[in-house]
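Hi there,

Here is the structure I promised to pass on to you. Have a look at it first, and my notes on what turned up follow below.

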Amino acid sequence: MSPQTPSQPPAQLPVSLAANPKLSSWLKFSAQGQVTVTPGKVEIGQGIVTALAQIAADELDVDISRLQMVRASTATSPNEGVTSGSLSVQQSGRALRHVCAEVRQIFLELASERLGVEIDTLAIEDGTISGPGNVRTSYWELAGDIRLDRDATPGATAKLATRRALAGNSVQRIDIPDKVFARPRFIHDCALPGILHGRVLRPVNSRAKLADLKEDGARAIAGLVAVVRDGSFAGVVSETEHGAEAALAGLGKGATWSDGEPLPDESDLSAFLKAQPSELTIIDDRTPPAAPAKTRTIRRQYSRPYIAHASIAPSCAMAQWNGDRVHVWTHSQGVYLLRADLALVLRLPVENITVEHMEGAGCYGHNAADDVALDAVLLAKATGGRPVRVMWSREHEMSHAPFGAAMAIEIEAGLDAEDEIVDWRHSVWSNGHAARPGRAAQPALLAAFELENPFPRMISSNPPQANGGGADRNSVPLYDFPSWNIESHRLKTMPVRTSALRTLGAQGNVFAIESFLDEIAAERHEDPVAFRLRHLRDERAKDVIRAAAKRAKWRPDKQAGIGYGIGFARYKNTGAYCAAVAEIEGEKDIRVRKLTLAVDVGEAINPDGVINQIEGGAIQATSWVLKERVRFDRQRITSTNWTDYPILRFSEVPEVEIEVIQRVELDPVGAGEAAHGPVTAAIANAVFDCLGVRVRDLPITRDSLIAAMELGS
């Protein structure tokens with residue numbers, strides 16, 4: 001009997017396509033020479049629309065100018081969940097590439113039949129299909145005879161990377177011209193016919209309830225259309241934006257609120273986090289067959305504060321009712337998930353609700369875009385069918401939108417007689433990092449908690465490790481230590497509302513791990529780059545560290561007042577590799593002079609887009625490290641303006657150099673969140689190199705430096 005050959009695993013559809021298998025939900029062809037592409041991921045400044053257009057144009061062999069990229073809508077787009085986690089190219093890109101490859105083959109098969117030539121003799125150029133003897137047809141001629149209302153099949157074969165014309169090239173962003181020439185593209189700039197303007201009244205103290213409301217002050221304002229109240233939810237609708245602001249001020253004077261609920265002691269946030277009731281999860285545990293001898297143990301604690309999204313423009317949405325149906329326009333990152341929560345609050349079937357994405361102020365994470373959508377829907381019920389646009393104030397944006405969760409992180413290392421790491425312990429205390437809409441039996445929208453018959457407030461959870469985790473994201477080191485134990489303590493109380501902020505827990509965990517490694521390297525008097533390389537087996541990880549160090553000319557001669565530091569991570573331990581070298585000066589305040597980064601995202605579809613994302617992430621991380629911290633007393637959030645919540649100014653932006661390691665043979669992964677952890681750690685390590693002071697509590701300010709000096713770190 002001949003030996004059996006191992007069977008190949010059956011081909012599978014990409015995850016987004018498996019969930020939305022109809023080819024027609026992704027592509028449509030017109031006789032006029034256009035291809036309409038309807039992905040379910042949304043443009044939030046990351047350039048995804050351009051990258052997806054490159055993928056589609058490559059696989060279909062059409063000029064990118066023929067593509068009409070349609071923004072996501074629950075009425076027309078596949079349900080790709082939420083645009084988050086640096087997964088858009090990885091999920092939507094793979095799905096769209098498969099769809100386009102299969103559709104291309106469908107057209108070729110029909111063209112072969114119509115033209116009477118073999119399919120492998122046909123070629124496609126900008127949608128024109130030609131064969132021997134100058135026979136030709138096109139997508140546009142055949143479009144009426146092709147039925148794409150069929151499911152995708154797993155066997156479609158995409159082009160080899162070497163045959164792609166656009167992937168790997170820095171194509172001009174599709175969304176930029178409108179923004180440069182000030183054409184209305186953002187939801188803040190768009191006005192539906194007959195638009196009205198709404199504003200919502202919210203308390204100053206945390207979770208205060210509306211005890212009494214006198215409406216006289218609002219009703220005295222000209223142009224008032226309606227005052228709306230349902231429990232603690234109250235708002236006004238006016239013919240003009242100025243009138244809405246004036247009516248809201250009048251309504252506020254007639255409002256009486258309860259005292260609210262107490263907030264933690266901001267000056268000792270780590271102790272608060274560690275003292276709360278929590279749910280323990282063992283993230284990973286590694287025990288070697290024979291544990292090396294441990295001669296001493298060192299332990300350190302690191303922390304980060306609550307962080308605001310701090311978008312330059314506040315959240316905005318529009319809503320319009322037509323009988324028992326409602327249409328919503330929003331810059332939510334998950335239109336289908338928002339629709340699910342709106343259906344819960346309104347007690348309507350989901351098919352009665354259309355949620356359409358429009359671009360808004362930049363935000364990677366769960367800001368107030370979903371909350372303001374429900375605000376608009378509730379106010380629009382009182383307008384007799386006219387649309388209402390609601391925009392939050394800066395104060396509301398900075399006090400009522402979800403924040404990135406504060407974190408306390410303890411790391412302990414067991415060292416042998418040669419001070420080599422033989423054991424590693426990593427513990428995280430934090431609220432959950434996810435409370436997005438559409439993922440629970442109860443809604444996660446702010447107004448839903450304020451109604452006369454309120455829904456219970458959601459306690460944030462953490463995504464599973466299979467999806468990258470939440471507070472525990474990047475808590476498992478990529479380094480080759482003999483043993484470790486990684487655990488996460490998720491708080492069961494939530495006095496400060498938290499949800500997804502860019503990178504979730506990865507920024508805090510990478511900051512802690514990479515700072516701790518630097519501390520151990522310093523004790524050993526070992527170069528921190530060499531120390532990291534010695535503990536890594538992954539060659540791609542080593543490559544980005546070497547590339548960043550080489551480009552930064554690690555390590556230049558020591559200069560007084562100048563410090564250098566390095567940080568590294570692979571985002572979610574499954575995504576993009578990134579290493580960063582920071583050059584800082586520390587004479588008066590800490591100033592980051594230069595950041596040098598190397599990144600490996602597999603195949604870089606649009607290298608310029610990758611560079612934009614890494615550069616943006618590096619600058620945002622610099623702002624987080626040096627400035628950002630939600631401030632509060634025991635009653636309310638106090639950092640409600642740019643003075644009390646400063647962000648990095650243009651004059652403070654460092655020079656940023658980025659090297660993209662192109663690997664066309666590997667599937668692409670996202671770049672949007674890869675830089676934050678490495679940059680945070682690199683800056684903190686550079687501060688130590690410059691000043692000899694180890695700051696373990698973010699942000700690194702003059703006050704935190706003084707506190708660290710007093711502790712003698």
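This is a predicted model: local features need pLDDT of at least 70, side-chain atom pairs count only at pLDDT 80 or more; totals for chains, interfaces and linings use all residues.

Strands β13 and β18 pair in the antiparallel sense, with nine bridges between them.

On to the next partner of β18: strand β19 (residues 421-430) runs antiparallel to β18 and is joined to it by nine bridges. Here A413 has W424 of β19 as its bridge partner. β18 and β19 form a hairpin with five residues between them, and D419 in that turn has a positive phi of about 60°. How many of the nine residues of strand β18 are buried? Eight of them are, so strand β18 (residues 407-415) is largely enclosed by the rest of the structure.

In the largest nonpolar core, which has 84 residues, W424 and L597 are the residues with the most contacts inside it. Helix α12 (residues 506-524) gives this core its largest share, eight residues. There is also a second, separate core of 45 residues, and L17, L60, M69 and L96 are among its members.

Six of its six residues are buried, so β10 is largely enclosed by the rest of the structure. In a regular strand the side chains alternate between the two faces of the sheet. In β10, F233, G235 and V237 point one way, while A234, V236 and S238 point the other way, and all are buried. Which strands pair with it? Strand β7 (residues 196-201) runs antiparallel to β10 through five bridges, with V237 of β10 as the bridge partner of G198. Strand β9 (residues 224-230) is also antiparallel to β10, through six bridges, and V227 has V236 of β10 as its bridge partner. β9 and β10 form a hairpin with two residues between them, and G231 in the turn has a positive phi of about 70°.

Now for two individual residues. S92 sits in helix α3 (residues 88-115). Is S92 buried or exposed? With a relative accessible area of 0%, S92 is buried. Its side chain makes a polar contact of 2.8 Å with the side chain of E80. Neighbours within four places in sequence aside, S92 is in contact with S16, W26, P39, K41, L52, E80 and L87. A291, on the other hand, lies in the loop between β12 (278-286) and β13 (296-304) and is exposed, with a relative accessible area of 63%. The C-alpha atoms of A291 and A521 are separated by 22 Å, and these two residues are 230 residues apart along the chain.

For your backbone checks, here are some further spots:

- L698 and P699 are joined by a cis peptide bond, with omega about 0°; P699 lies in the loop between α16 (676-691) and α17 (702-711).
- D126 is not a glycine, yet it has a positive phi of about 50°. D126 is in the loop between β4 (123-125) and β5 (128-130) and is partly exposed, with a relative accessible area of 28%.
- N573 has a positive phi near 65° and is likewise a residue other than glycine. N573 is in the loop between β21 (562-570) and β22 (577-585) and is partly exposed, with a relative accessible area of 22%.

Last, the chain as a whole. The chain has 17 helices and 24 strands. Its radius of gyration is 27 Å, close to the 27 Å that the globule rule gives for 713 residues, so the chain is as compact as a globular protein of that length. The C-alpha trace spans about 85 × 80 × 55 Å along its principal axes. Of the 713 residues, 59% count as buried. Among contacts with a separation of 6 or more, 78% come from residues 24 or more positions apart. The chain exposes about 28800 Å², and carbon and sulfur atoms supply 49% of that area.

Technical notes
Residues are numbered from 1 along each chain as its sequence is written. Side-chain values use heavy atoms; hydrogens and water are left out. Helices (H or I, at least four residues) and strands (E, at least two) are DSSP runs, numbered from the N terminus. Buried means under 20% relative accessible area, exposed over 50%, partly exposed in between (1.4 Å probe, protein chains only). A polar contact is a pair of N or O atoms within 3.5 Å; within protein, one must be able to donate a hydrogen and the other to accept it, and residues adjacent in sequence count only if both atoms are side-chain atoms. Contact means heavy atoms within 4.5 Å. A nonpolar core is a set of buried Ala, Val, Leu, Ile, Met, Phe, Trp, Tyr and Cys residues joined through side-chain atoms within 4.5 Å. The radius of gyration is taken over C-alpha atoms; the globule rule is 2.2 Å times the number of residues to the power 0.38. Accessible areas come from the Shrake-Rupley method with a 1.4 Å probe; for residues, only the protein chains shown count as cover. Two strands pair if DSSP finds at least two bridges between them.
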